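Here is a short report on the packing inside one protein model.

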Amino acid sequence: MATDELRSPLLPPRRPRRVSSAAATLALLLVAGLGPLPSACCGTSRSRHSPRSSPPDPVELTLLAAAHDKGAVCLDGSPPGYHLQTGSGAGSRSWLIHLEGGGWCNTVRSCSGRRTTDLGSSKFMQTRINFTGTLSNDPALNPDFYSWNRVFVRYCDGASFAGDSQHGDQDGNGKLFFRGRRIWEAVLDELMQKGLAHSEQALLTGCSAGGLATLLHCDDFRARFSSEVLVKCLPDAGFFLNVEDISGQRSMRSVYSGVVHLQVSVRRCYQCHIHDMVTEERKSSVNVWNVTEVLPKDCLLANKDPTECFFPAEIIKSVRTPTFIMNSAYDSWQVQNVVAPDSSSPDESWRRCRADIRSCNSSQIQVLNGFRKAMVDGLKAVGDNKDCSWFIDSCFSHCQAWFDNSPWDTPVAPRLGNKTLVEAVGDWYFGRSPSQAVREIGCEYPCNPTCNSLQLPAQFTTDLYYGKEKSDRLVV
(Lines give C-alpha, C1' and ligand atoms only; values in the text may rest on other atoms or scores of the structure.)
Protein backbone atom coordinates (compact mmCIF):
# COMPACT_ATOMS: atom_id res chain seq x y z
CA MET A 1 0.00 0.00 0.00
CA ALA A 2 1.32 3.46 -0.82
CA THR A 3 2.60 5.70 1.95
CA ASP A 4 -0.09 8.32 1.42
CA GLU A 5 -2.76 5.68 1.86
CA LEU A 6 -1.20 4.51 5.12
CA ARG A 7 -1.72 7.99 6.46
CA SER A 8 -5.21 8.32 5.04
CA PRO A 9 -7.91 9.79 7.29
CA LEU A 10 -10.07 6.88 6.17
CA LEU A 11 -8.47 4.79 8.92
CA PRO A 12 -9.65 5.68 12.42
CA PRO A 13 -7.98 3.88 15.31
CA ARG A 14 -8.88 0.22 15.68
CA ARG A 15 -8.39 -2.56 18.16
CA PRO A 16 -4.82 -2.76 19.44
CA ARG A 17 -2.76 -5.72 18.34
CA ARG A 18 -0.88 -5.56 21.60
CA VAL A 19 -0.46 -3.33 24.62
CA SER A 20 3.13 -2.61 25.52
CA SER A 21 4.54 -2.70 29.01
CA ALA A 22 4.28 1.08 28.93
CA ALA A 23 0.55 0.68 29.52
CA ALA A 24 1.05 -0.79 32.96
CA THR A 25 3.60 1.87 33.82
CA LEU A 26 1.25 4.58 32.61
CA ALA A 27 -1.63 3.27 34.71
CA LEU A 28 0.56 3.29 37.83
CA LEU A 29 1.73 6.82 37.12
CA LEU A 30 -1.82 8.04 36.60
CA VAL A 31 -3.14 6.49 39.76
CA ALA A 32 -0.17 7.58 41.85
CA GLY A 33 -0.22 11.17 40.68
CA LEU A 34 -3.90 12.01 40.61
CA GLY A 35 -4.85 12.50 44.22
CA PRO A 36 -8.49 13.02 45.23
CA LEU A 37 -10.93 14.09 42.52
CA PRO A 38 -13.07 17.20 43.04
CA SER A 39 -16.40 16.17 44.54
CA ALA A 40 -18.30 18.94 42.75
CA CYS A 41 -17.68 17.22 39.42
CA CYS A 42 -17.28 13.63 40.15
CA GLY A 43 -18.85 12.49 43.38
CA THR A 44 -18.06 9.09 44.75
CA SER A 45 -18.26 6.02 42.55
CA ARG A 46 -18.82 2.55 43.88
CA SER A 47 -15.63 0.52 43.67
CA ARG A 48 -15.67 -2.05 40.88
CA HIS A 49 -12.06 -2.75 40.12
CA SER A 50 -9.74 -5.46 41.31
CA PRO A 51 -6.56 -6.80 39.71
CA ARG A 52 -6.90 -9.46 37.06
CA SER A 53 -6.09 -12.88 38.44
CA SER A 54 -4.79 -13.93 35.01
CA PRO A 55 -4.62 -12.58 31.45
CA PRO A 56 -7.78 -13.04 29.35
CA ASP A 57 -8.01 -16.18 27.25
CA PRO A 58 -7.48 -15.47 23.51
CA VAL A 59 -10.61 -16.03 21.43
CA GLU A 60 -10.34 -17.97 18.16
CA LEU A 61 -11.37 -16.62 14.75
CA THR A 62 -14.31 -18.38 13.10
CA LEU A 63 -14.62 -18.03 9.33
CA LEU A 64 -18.17 -17.74 8.06
CA ALA A 65 -19.55 -21.03 6.78
CA ALA A 66 -20.90 -21.03 3.21
CA ALA A 67 -19.76 -17.44 2.73
CA HIS A 68 -19.13 -17.88 -0.99
CA ASP A 69 -22.52 -19.49 -1.57
CA LYS A 70 -24.18 -16.44 -0.01
CA GLY A 71 -21.92 -13.94 -1.74
CA ALA A 72 -20.94 -12.65 1.71
CA VAL A 73 -17.24 -12.07 1.17
CA CYS A 74 -14.52 -9.57 2.04
CA LEU A 75 -13.15 -7.10 -0.49
CA ASP A 76 -10.75 -9.73 -1.85
CA GLY A 77 -13.39 -12.49 -2.00
CA SER A 78 -12.22 -14.34 1.12
CA PRO A 79 -14.78 -15.41 3.77
CA PRO A 80 -15.44 -12.94 6.60
CA GLY A 81 -14.99 -13.92 10.22
CA TYR A 82 -15.88 -13.33 13.84
CA HIS A 83 -14.65 -14.25 17.31
CA LEU A 84 -17.18 -15.80 19.71
CA GLN A 85 -16.75 -16.36 23.44
CA THR A 86 -19.74 -18.27 24.79
CA GLY A 87 -21.57 -17.06 27.87
CA SER A 88 -22.12 -18.88 31.12
CA GLY A 89 -24.54 -19.03 33.99
CA ALA A 90 -27.03 -16.18 34.08
CA GLY A 91 -25.53 -14.75 30.88
CA SER A 92 -25.91 -17.88 28.75
CA ARG A 93 -28.99 -16.48 26.97
CA SER A 94 -27.69 -12.93 26.61
CA TRP A 95 -25.65 -11.71 23.64
CA LEU A 96 -23.38 -8.74 22.95
CA ILE A 97 -22.40 -8.24 19.30
CA HIS A 98 -19.51 -5.83 18.62
CA LEU A 99 -18.83 -4.55 15.07
CA GLU A 100 -15.17 -3.78 14.42
CA GLY A 101 -14.19 -0.35 13.12
CA GLY A 102 -11.42 0.68 10.76
CA GLY A 103 -12.49 3.60 8.58
CA TRP A 104 -13.67 3.40 5.00
CA CYS A 105 -12.33 3.13 1.47
CA ASN A 106 -13.87 5.56 -1.00
CA THR A 107 -11.96 4.88 -4.20
CA VAL A 108 -11.19 1.73 -6.14
CA ARG A 109 -7.52 2.26 -5.36
CA SER A 110 -8.01 2.60 -1.60
CA CYS A 111 -10.33 -0.44 -1.54
CA SER A 112 -7.79 -2.41 -3.55
CA GLY A 113 -5.12 -1.39 -1.04
CA ARG A 114 -7.10 -3.07 1.73
CA ARG A 115 -6.99 -6.38 -0.08
CA THR A 116 -3.67 -7.25 1.54
CA THR A 117 -4.72 -6.21 5.07
CA ASP A 118 -7.14 -7.52 7.66
CA LEU A 119 -9.46 -4.67 6.66
CA GLY A 120 -10.10 -6.35 3.33
CA SER A 121 -9.21 -10.01 3.69
CA SER A 122 -9.56 -12.73 6.30
CA LYS A 123 -6.23 -14.09 5.07
CA PHE A 124 -4.53 -11.39 7.13
CA MET A 125 -6.74 -11.42 10.23
CA GLN A 126 -5.33 -12.45 13.58
CA THR A 127 -6.60 -15.90 14.39
CA ARG A 128 -6.68 -15.22 18.14
CA ILE A 129 -7.43 -11.95 19.96
CA ASN A 130 -8.01 -10.89 23.55
CA PHE A 131 -11.42 -9.59 24.58
CA THR A 132 -11.32 -6.33 26.58
CA GLY A 133 -13.68 -3.49 27.49
CA THR A 134 -17.33 -4.42 26.88
CA LEU A 135 -16.13 -7.83 25.65
CA SER A 136 -14.12 -8.65 28.78
CA ASN A 137 -15.01 -11.74 30.82
CA ASP A 138 -13.65 -10.14 33.98
CA PRO A 139 -16.56 -9.28 36.35
CA ALA A 140 -14.44 -6.62 38.08
CA LEU A 141 -13.91 -4.74 34.82
CA ASN A 142 -17.15 -5.53 32.98
CA PRO A 143 -19.72 -6.24 35.71
CA ASP A 144 -22.88 -6.19 33.59
CA PHE A 145 -21.83 -8.13 30.48
CA TYR A 146 -18.90 -10.36 31.48
CA SER A 147 -20.91 -13.60 31.47
CA TRP A 148 -22.77 -12.94 28.21
CA ASN A 149 -22.11 -14.53 24.84
CA ARG A 150 -19.75 -11.94 23.33
CA VAL A 151 -18.94 -11.62 19.62
CA PHE A 152 -16.37 -9.50 17.81
CA VAL A 153 -17.36 -9.26 14.11
CA ARG A 154 -14.39 -8.52 11.84
CA TYR A 155 -14.64 -5.62 9.40
CA CYS A 156 -13.42 -6.29 5.87
CA ASP A 157 -15.80 -4.52 3.47
CA GLY A 158 -14.74 -0.88 3.79
CA ALA A 159 -18.24 0.66 4.05
CA SER A 160 -19.50 0.03 7.61
CA PHE A 161 -21.19 -3.26 6.64
CA ALA A 162 -23.48 -1.31 4.28
CA GLY A 163 -22.68 -2.26 0.66
CA ASP A 164 -24.44 -4.89 -1.41
CA SER A 165 -23.51 -4.91 -5.06
CA GLN A 166 -23.49 -7.61 -7.70
CA HIS A 167 -20.78 -5.69 -9.50
CA GLY A 168 -17.10 -5.73 -8.71
CA ASP A 169 -14.02 -4.07 -10.06
CA GLN A 170 -11.26 -5.89 -11.88
CA ASP A 171 -7.78 -4.47 -11.56
CA GLY A 172 -4.29 -5.88 -11.88
CA ASN A 173 -4.57 -7.60 -8.51
CA GLY A 174 -7.87 -9.38 -9.07
CA LYS A 175 -11.53 -8.66 -8.47
CA LEU A 176 -12.96 -6.51 -5.68
CA PHE A 177 -16.22 -7.38 -3.94
CA PHE A 178 -18.49 -4.87 -2.18
CA ARG A 179 -20.65 -7.05 0.08
CA GLY A 180 -20.75 -5.54 3.58
CA ARG A 181 -24.50 -5.84 4.06
CA ARG A 182 -24.40 -9.48 3.00
CA ILE A 183 -21.63 -10.06 5.56
CA TRP A 184 -23.81 -8.48 8.25
CA GLU A 185 -26.78 -10.65 7.35
CA ALA A 186 -24.83 -13.88 6.93
CA VAL A 187 -22.95 -13.48 10.22
CA LEU A 188 -26.18 -12.73 12.08
CA ASP A 189 -27.86 -15.74 10.46
CA GLU A 190 -25.04 -18.01 11.59
CA LEU A 191 -25.08 -16.59 15.12
CA MET A 192 -28.85 -17.10 15.28
CA GLN A 193 -28.21 -20.79 14.66
CA LYS A 194 -25.62 -20.80 17.46
CA GLY A 195 -28.05 -19.51 20.07
CA LEU A 196 -28.67 -15.84 19.30
CA ALA A 197 -32.21 -16.76 18.21
CA HIS A 198 -32.97 -17.84 21.78
CA SER A 199 -31.73 -14.64 23.42
CA GLU A 200 -33.49 -13.09 26.35
CA GLN A 201 -31.52 -9.86 25.92
CA ALA A 202 -29.12 -8.55 23.28
CA LEU A 203 -26.89 -5.52 22.75
CA LEU A 204 -25.41 -4.39 19.42
CA THR A 205 -22.33 -2.20 19.70
CA GLY A 206 -19.34 -1.07 17.65
CA CYS A 207 -16.49 1.43 17.61
CA SER A 208 -15.78 4.19 15.08
CA ALA A 209 -16.80 2.91 11.62
CA GLY A 210 -18.34 0.03 13.56
CA GLY A 211 -20.23 2.59 15.63
CA LEU A 212 -21.69 4.02 12.42
CA ALA A 213 -22.58 0.47 11.35
CA THR A 214 -24.33 -0.03 14.70
CA LEU A 215 -26.60 2.92 13.95
CA LEU A 216 -27.22 1.80 10.36
CA HIS A 217 -28.23 -1.73 11.41
CA CYS A 218 -29.81 -1.07 14.80
CA ASP A 219 -33.47 -1.40 13.79
CA ASP A 220 -32.73 -4.42 11.60
CA PHE A 221 -31.06 -6.06 14.59
CA ARG A 222 -34.13 -5.35 16.71
CA ALA A 223 -36.42 -6.84 14.05
CA ARG A 224 -34.73 -10.24 14.35
CA PHE A 225 -36.18 -10.83 17.83
CA SER A 226 -39.62 -11.05 19.37
CA SER A 227 -40.95 -8.09 21.30
CA GLU A 228 -40.27 -9.88 24.61
CA VAL A 229 -36.50 -9.78 24.05
CA LEU A 230 -34.68 -6.73 25.44
CA VAL A 231 -32.69 -5.31 22.51
CA LYS A 232 -30.66 -2.08 22.51
CA CYS A 233 -27.78 -0.47 20.59
CA LEU A 234 -24.56 1.20 21.77
CA PRO A 235 -22.53 3.08 19.10
CA ASP A 236 -19.12 4.12 20.44
CA ALA A 237 -17.31 7.05 18.75
CA GLY A 238 -19.49 6.65 15.66
CA PHE A 239 -21.11 10.10 15.63
CA PHE A 240 -19.18 11.63 12.73
CA LEU A 241 -20.03 15.22 11.86
CA ASN A 242 -20.68 16.98 8.58
CA VAL A 243 -18.86 20.21 9.47
CA GLU A 244 -16.41 22.56 7.82
CA ASP A 245 -12.72 22.15 8.55
CA ILE A 246 -10.37 25.04 9.27
CA SER A 247 -10.05 25.75 5.53
CA GLY A 248 -13.82 25.94 5.01
CA GLN A 249 -14.10 22.56 3.27
CA ARG A 250 -16.19 19.58 4.41
CA SER A 251 -13.62 16.80 4.38
CA MET A 252 -15.83 14.21 6.07
CA ARG A 253 -18.60 14.80 3.57
CA SER A 254 -16.06 14.22 0.81
CA VAL A 255 -15.09 10.90 2.38
CA TYR A 256 -18.68 9.76 2.74
CA SER A 257 -19.57 10.94 -0.76
CA GLY A 258 -16.89 8.64 -2.12
CA VAL A 259 -18.27 5.74 -0.11
CA VAL A 260 -21.89 6.34 -1.10
CA HIS A 261 -21.30 7.17 -4.75
CA LEU A 262 -18.26 5.04 -5.63
CA GLN A 263 -18.61 3.85 -9.21
CA VAL A 264 -16.73 1.46 -11.46
CA SER A 265 -16.85 0.82 -15.18
CA VAL A 266 -18.41 -2.41 -16.39
CA ARG A 267 -18.52 -3.96 -19.83
CA ARG A 268 -21.82 -5.09 -21.25
CA CYS A 269 -22.54 -7.07 -24.41
CA TYR A 270 -25.33 -5.46 -26.42
CA GLN A 271 -25.23 -7.59 -29.57
CA CYS A 272 -24.20 -11.18 -29.11
CA HIS A 273 -24.62 -13.75 -31.89
CA ILE A 274 -24.20 -17.46 -32.08
CA HIS A 275 -21.34 -19.09 -30.24
CA ASP A 276 -21.40 -16.09 -27.86
CA MET A 277 -19.39 -13.98 -30.26
CA VAL A 278 -19.47 -10.35 -29.11
CA THR A 279 -20.07 -7.89 -31.96
CA GLU A 280 -20.66 -4.80 -29.80
CA GLU A 281 -19.48 -4.08 -26.30
CA ARG A 282 -20.08 -0.91 -24.31
CA LYS A 283 -18.78 0.47 -21.06
CA SER A 284 -21.02 1.99 -18.41
CA SER A 285 -20.61 3.04 -14.81
CA VAL A 286 -22.46 1.55 -11.86
CA ASN A 287 -22.57 2.43 -8.20
CA VAL A 288 -20.74 -0.46 -6.56
CA TRP A 289 -21.66 0.10 -2.92
CA ASN A 290 -25.45 0.29 -3.27
CA VAL A 291 -25.71 1.45 0.35
CA THR A 292 -29.11 3.11 0.02
CA GLU A 293 -30.89 0.01 1.32
CA VAL A 294 -29.56 0.67 4.82
CA LEU A 295 -30.00 4.46 4.79
CA PRO A 296 -32.96 6.05 6.61
CA LYS A 297 -35.97 6.10 4.29
CA ASP A 298 -37.30 9.37 5.69
CA CYS A 299 -34.06 11.08 4.74
CA LEU A 300 -34.07 9.66 1.22
CA LEU A 301 -37.75 10.51 0.71
CA ALA A 302 -36.93 14.10 1.62
CA ASN A 303 -34.81 14.15 -1.57
CA LYS A 304 -31.59 14.67 0.34
CA ASP A 305 -28.31 13.54 -1.13
CA PRO A 306 -27.66 9.98 0.09
CA THR A 307 -24.31 11.24 1.36
CA GLU A 308 -26.11 13.41 3.92
CA CYS A 309 -28.24 10.40 4.91
CA PHE A 310 -25.02 8.49 5.74
CA PHE A 311 -24.29 10.88 8.62
CA PRO A 312 -25.42 9.86 12.13
CA ALA A 313 -27.26 13.17 12.72
CA GLU A 314 -29.73 12.06 10.02
CA ILE A 315 -29.71 8.36 10.87
CA ILE A 316 -30.73 8.82 14.52
CA LYS A 317 -33.90 10.65 13.49
CA SER A 318 -35.24 7.34 12.15
CA VAL A 319 -33.85 4.82 14.67
CA ARG A 320 -36.64 3.45 16.86
CA THR A 321 -34.66 0.93 18.89
CA PRO A 322 -33.35 2.22 22.25
CA THR A 323 -29.87 3.62 21.52
CA PHE A 324 -27.10 4.97 23.74
CA ILE A 325 -24.66 7.21 21.85
CA MET A 326 -21.24 7.27 23.52
CA ASN A 327 -18.88 9.91 22.15
CA SER A 328 -16.40 12.57 23.08
CA ALA A 329 -17.35 16.14 22.27
CA TYR A 330 -13.65 16.56 21.43
CA ASP A 331 -13.25 13.30 19.54
CA SER A 332 -9.50 13.04 18.94
CA TRP A 333 -9.81 11.33 15.56
CA GLN A 334 -12.29 13.89 14.28
CA VAL A 335 -10.18 16.79 15.55
CA GLN A 336 -7.24 15.38 13.59
CA ASN A 337 -9.13 14.38 10.45
CA VAL A 338 -12.36 16.40 10.28
CA VAL A 339 -11.56 19.72 12.00
CA ALA A 340 -7.91 20.07 10.93
CA PRO A 341 -7.15 17.38 8.32
CA ASP A 342 -3.99 17.36 6.23
CA SER A 343 -6.04 18.54 3.25
CA SER A 344 -6.76 21.80 5.11
CA SER A 345 -3.01 22.55 5.27
CA PRO A 346 -2.80 23.08 9.03
CA ASP A 347 0.09 25.22 10.26
CA GLU A 348 2.48 24.07 12.96
CA SER A 349 0.24 25.47 15.68
CA TRP A 350 -2.72 23.43 14.46
CA ARG A 351 -0.61 20.33 14.07
CA ARG A 352 0.36 20.60 17.74
CA CYS A 353 -3.24 21.27 18.75
CA ARG A 354 -4.74 18.34 16.89
CA ALA A 355 -2.11 15.99 18.34
CA ASP A 356 -2.65 17.13 21.94
CA ILE A 357 -5.59 19.30 22.98
CA ARG A 358 -3.50 20.71 25.83
CA SER A 359 -1.41 22.47 23.17
CA CYS A 360 -4.37 24.33 21.68
CA ASN A 361 -4.54 28.10 22.09
CA SER A 362 -7.72 29.97 23.01
CA SER A 363 -8.81 30.59 19.41
CA GLN A 364 -8.33 26.92 18.55
CA ILE A 365 -10.32 25.85 21.60
CA GLN A 366 -13.06 28.17 20.35
CA VAL A 367 -13.07 26.27 17.03
CA LEU A 368 -13.25 22.96 18.90
CA ASN A 369 -16.11 24.30 21.01
CA GLY A 370 -17.92 25.00 17.75
CA PHE A 371 -17.39 21.35 16.81
CA ARG A 372 -18.80 20.36 20.21
CA LYS A 373 -21.86 22.54 19.64
CA ALA A 374 -22.48 20.92 16.24
CA MET A 375 -22.46 17.51 17.91
CA VAL A 376 -24.86 18.59 20.64
CA ASP A 377 -27.19 20.23 18.11
CA GLY A 378 -27.15 17.08 15.99
CA LEU A 379 -28.13 14.95 18.96
CA LYS A 380 -30.87 17.30 20.11
CA ALA A 381 -32.46 17.08 16.66
CA VAL A 382 -34.13 13.84 17.82
CA GLY A 383 -36.36 15.97 20.04
CA ASP A 384 -38.66 14.03 22.34
CA ASN A 385 -37.61 10.57 21.16
CA LYS A 386 -37.05 8.93 24.54
CA ASP A 387 -35.41 5.92 22.90
CA CYS A 388 -32.29 7.97 22.13
CA SER A 389 -29.81 8.45 24.98
CA TRP A 390 -26.26 9.76 25.05
CA PHE A 391 -23.12 10.18 27.13
CA ILE A 392 -20.98 12.97 25.64
CA ASP A 393 -17.89 13.68 27.70
CA SER A 394 -15.19 16.30 27.15
CA CYS A 395 -12.23 13.95 26.89
CA PHE A 396 -9.77 14.04 24.01
CA SER A 397 -10.36 10.41 22.99
CA HIS A 398 -11.80 8.14 20.34
CA CYS A 399 -13.53 4.84 21.22
CA GLN A 400 -13.94 4.51 24.98
CA ALA A 401 -15.51 1.12 25.60
CA TRP A 402 -13.33 -1.59 24.16
CA PHE A 403 -9.59 -0.86 24.17
CA ASP A 404 -7.58 -2.44 26.95
CA ASN A 405 -6.82 0.34 29.47
CA SER A 406 -9.59 2.41 27.88
CA PRO A 407 -11.93 4.54 30.04
CA TRP A 408 -14.27 1.54 30.17
CA ASP A 409 -12.09 -0.55 32.43
CA THR A 410 -9.54 1.71 34.12
CA PRO A 411 -9.58 2.56 37.82
CA VAL A 412 -9.70 6.26 36.95
CA ALA A 413 -12.50 6.84 34.44
CA PRO A 414 -14.23 10.01 33.19
CA ARG A 415 -17.54 10.69 34.88
CA LEU A 416 -20.72 12.54 33.98
CA GLY A 417 -23.80 12.80 36.14
CA ASN A 418 -21.80 11.20 38.96
CA LYS A 419 -21.31 8.01 36.91
CA THR A 420 -18.53 6.32 34.97
CA LEU A 421 -19.11 4.91 31.49
CA VAL A 422 -19.53 1.40 32.89
CA GLU A 423 -22.15 2.55 35.37
CA ALA A 424 -24.01 4.79 32.91
CA VAL A 425 -24.27 2.10 30.22
CA GLY A 426 -25.28 -0.64 32.66
CA ASP A 427 -27.91 1.53 34.33
CA TRP A 428 -29.30 2.55 30.93
CA TYR A 429 -29.45 -0.95 29.51
CA PHE A 430 -31.07 -2.57 32.55
CA GLY A 431 -33.40 0.33 33.32
CA ARG A 432 -31.74 1.25 36.59
CA SER A 433 -31.81 4.97 35.78
CA PRO A 434 -34.70 7.13 37.01
CA SER A 435 -35.66 8.13 33.46
CA GLN A 436 -35.90 6.17 30.23
CA ALA A 437 -33.66 8.58 28.33
CA VAL A 438 -30.18 9.17 29.74
CA ARG A 439 -28.74 12.39 28.34
CA GLU A 440 -25.46 13.51 29.82
CA ILE A 441 -23.36 16.21 28.12
CA GLY A 442 -20.08 17.31 29.62
CA CYS A 443 -19.13 20.94 29.98
CA GLU A 444 -16.64 22.65 27.67
CA TYR A 445 -12.99 21.63 27.83
CA PRO A 446 -11.13 21.74 30.20
CA CYS A 447 -13.70 21.86 33.00
CA ASN A 448 -13.92 18.11 33.78
CA PRO A 449 -10.90 17.01 35.83
CA THR A 450 -11.68 13.33 35.27
CA CYS A 451 -10.83 13.98 31.60
CA ASN A 452 -7.86 16.22 32.26
CA SER A 453 -6.25 13.69 34.57
CA LEU A 454 -6.23 11.13 31.77
CA GLN A 455 -5.24 13.55 29.00
CA LEU A 456 -2.36 12.24 26.91
CA PRO A 457 -0.90 13.33 23.58
CA ALA A 458 -2.69 11.62 20.70
CA GLN A 459 0.48 10.20 19.15
CA PHE A 460 1.59 8.80 22.51
CA THR A 461 -1.70 6.98 23.01
CA THR A 462 -1.49 5.71 19.45
CA ASP A 463 1.95 4.24 20.10
CA LEU A 464 0.75 2.86 23.43
CA TYR A 465 -2.27 1.10 21.94
CA TYR A 466 -0.82 -0.06 18.65
CA GLY A 467 2.91 -0.29 19.22
CA LYS A 468 5.21 0.77 16.40
CA GLU A 469 5.43 -2.41 14.36
CA LYS A 470 5.15 -1.98 10.63
CA SER A 471 2.39 -4.58 10.57
CA ASP A 472 0.07 -2.27 12.51
CA ARG A 473 -0.06 0.05 9.48
CA LEU A 474 -1.98 2.81 11.26
CA VAL A 475 -0.55 6.28 11.67
CA VAL A 476 -2.98 8.77 13.21
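The sections below take these topics in turn.

## Basis

This is a predicted model, in which local features need pLDDT of at least 70, side-chain atom pairs count only at pLDDT 80 or more, and totals for chains, interfaces and linings use all residues. Residues are numbered from 1 along each chain as its sequence is written, and side-chain values use heavy atoms, leaving out hydrogens and water.

## Aromatic pairs

The structure holds 18 aromatic pairs. Rings of Phe, Tyr and Trp (its six-membered ring) pair if their centres lie within 6.5 Å; planes under 30 degrees apart are stacked, over 60 edge-to-face, and the rest tilted. Trp148 and Tyr429 have ring centres 5.6 Å apart and planes at 70 degrees, so this pair is edge-to-face. Trp148 lies in the loop between strands E4 (128-129) and E5 (149-153), and Tyr429 in helix H15 (residues 421-429), so the pair ties together parts 281 residues apart in sequence. Helices (H or I, at least four residues) and strands (E, at least two) are DSSP runs, numbered from the N terminus. Both Trp148 and Tyr429 are buried, that is, under 20% relative accessible area with a 1.4 Å probe, protein chains only.

Phe240 and Trp333 are also edge-to-face, because their ring centres are 5.7 Å apart and their planes at 90 degrees. Phe240 is buried at 1% relative accessible area. Trp333 is buried at 2%. One aromatic cluster is formed by Trp104, Phe240, Tyr256, Phe310, Phe311 and Trp333.

## Nonpolar cores

A nonpolar core is a set of buried Ala, Val, Leu, Ile, Met, Phe, Trp, Tyr and Cys residues joined through side-chain atoms within 4.5 Å. The largest has 82 residues; Ile97, Trp104, Phe221, Met252, Tyr256, Phe310 and Leu368 touch the most other members. A second, separate core of 27 residues includes Leu135, Leu203, Ala237 and Cys399.

## Helix H12

Eight of the eight residues of helix H12 (residues 332-339) are buried, so the helix is largely enclosed by the rest of the structure. Asp331 caps its N-terminal end, with a side-chain oxygen 3.0 Å from the backbone nitrogen of Trp333.

## Two buried residues

Thr450 is found in helix H16 (residues 449-452). Thr450 is buried at 0% relative accessibility. Its side chain makes a polar contact with the side chain of Asn448 at 2.5 Å. A polar contact is a pair of N or O atoms within 3.5 Å; within protein, one must be able to donate a hydrogen and the other to accept it, and residues adjacent in sequence count only if both atoms are side-chain atoms.

Gly71 is buried, with a relative accessible area of 9%. Gly71 lies in the loop between helix H4 (67-70) and strand E2 (81-85).

Notes. Buried means under 20% relative accessible area, exposed over 50%, partly exposed in between (1.4 Å probe, protein chains only).
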